[in-house]
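Trainee: Could we go through this structure together? I would like to start with the strands and then turn to the aromatic rings.

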Amino acid sequence: MLEKTLKSKTVFSGRLLKVEVIDVQVGPEKRSRREIVRHPGAAVVLARRADGRFVFVRQFRKAVEKTMLEVVAGGFERGEKPLDCAKRELAEETGHQAAKITKWGYIYPAPGYTDEVLYLFFARLKKGRGKCSPDEDEKLEVVYLTEKQVDKLVRNGEIHDAKTLSAW
């Protein structure tokens, strides 16, 4: 069932992503080509405030030309561990700090064409909130929702982001 790599070529290398075209052996007499997006990975945080409301962010996503409601998430900085990334992204995007954070595991959001791994965390937040400091190319709105509100959005098909649905 394994595919043997015969040849690999990087056809694009950007700030975040790299794209490789890989020729593979899929059977005794069969070859194929794979296009793989290389991604450094990210941390995903479902965060709950002391009052029971959950913390989400709303932001425009150019790839799908939509404003999306999502859990907190962000990519690793060089050498950063998933837990450290989760804490940093939570503070940057929402201004909140975790009182307790638990690792839930990891998911591959689209293994058919990318090696991206998303590490899922659940955070119980400290009371209060500091200042948000998102990346300069990010415009975020912090949104607080009850469990019933989130369940209704999911049931009504109003949340489309896979990492958010997985974390929920």
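Trainee: Which residue stands opposite Leu120 in β9?

Mentor: Gly105 stands opposite Leu120. Strands here are DSSP runs of E with at least two residues, and helices are runs of H or I with at least four, numbered from the N terminus. This is a predicted model, in which local features need pLDDT of at least 70, side-chain atom pairs count only at pLDDT 80 or more, and totals for chains, interfaces and linings use all residues. Residues are numbered from 1 along each chain as its sequence is written, and side-chain values use heavy atoms, with hydrogens and water left out.

Trainee: In what sense do β8 and β9 pair?

Mentor: Strand β8 (residues 98-107) pairs with β9 in the antiparallel sense, over 8 bridges. Two strands pair if DSSP finds at least two bridges between them.

Trainee: And in what sense do β4 and β9 pair?

Mentor: Strand β4 (residues 42-48) pairs with β9 in the parallel sense, over 7 bridges. Within that pairing, Val45 has Phe121 as its bridge partner in β9.

Trainee: Why is β9 described as largely enclosed?

Mentor: Strand β9 (residues 118-125) has 7 of its 8 residues buried, so the rest of the structure largely encloses it. Buried means under 20% relative accessible area, exposed over 50%, and partly exposed in between, with a 1.4 Å probe and protein chains only.

Trainee: Now the rings. How many aromatic pairs are there?

Mentor: The count comes to 6 aromatic pairs. Rings of Phe, Tyr and Trp (its six-membered ring) pair if their centres lie within 6.5 Å; planes under 30 degrees apart count as stacked, over 60 as edge-to-face and the rest as tilted. Phe56 and Trp168 have ring centres 6.5 Å apart and planes at 50°, so this pair is tilted. Phe56 lies in strand β5 (residues 54-61) and Trp168 in the segment after α3 (162-167), 112 residues apart.

Trainee: Is Phe56 buried or exposed?

Mentor: Phe56 is buried, at 0% relative accessible area, whereas Trp168 is partly exposed at 29%.

Trainee: What about Phe76 and Tyr119?

Mentor: Phe76 and Tyr119 form a tilted pair, 5.8 Å centre to centre with 45° between the planes. Phe76 lies in the loop between β7 (72-75) and α1 (82-94) and Tyr119 in strand β9, so the pair ties together parts 43 residues apart in sequence. Phe76 is buried, with a relative accessible area of 17%. Phe76, Tyr106, Tyr108 and Tyr119 form one aromatic cluster.
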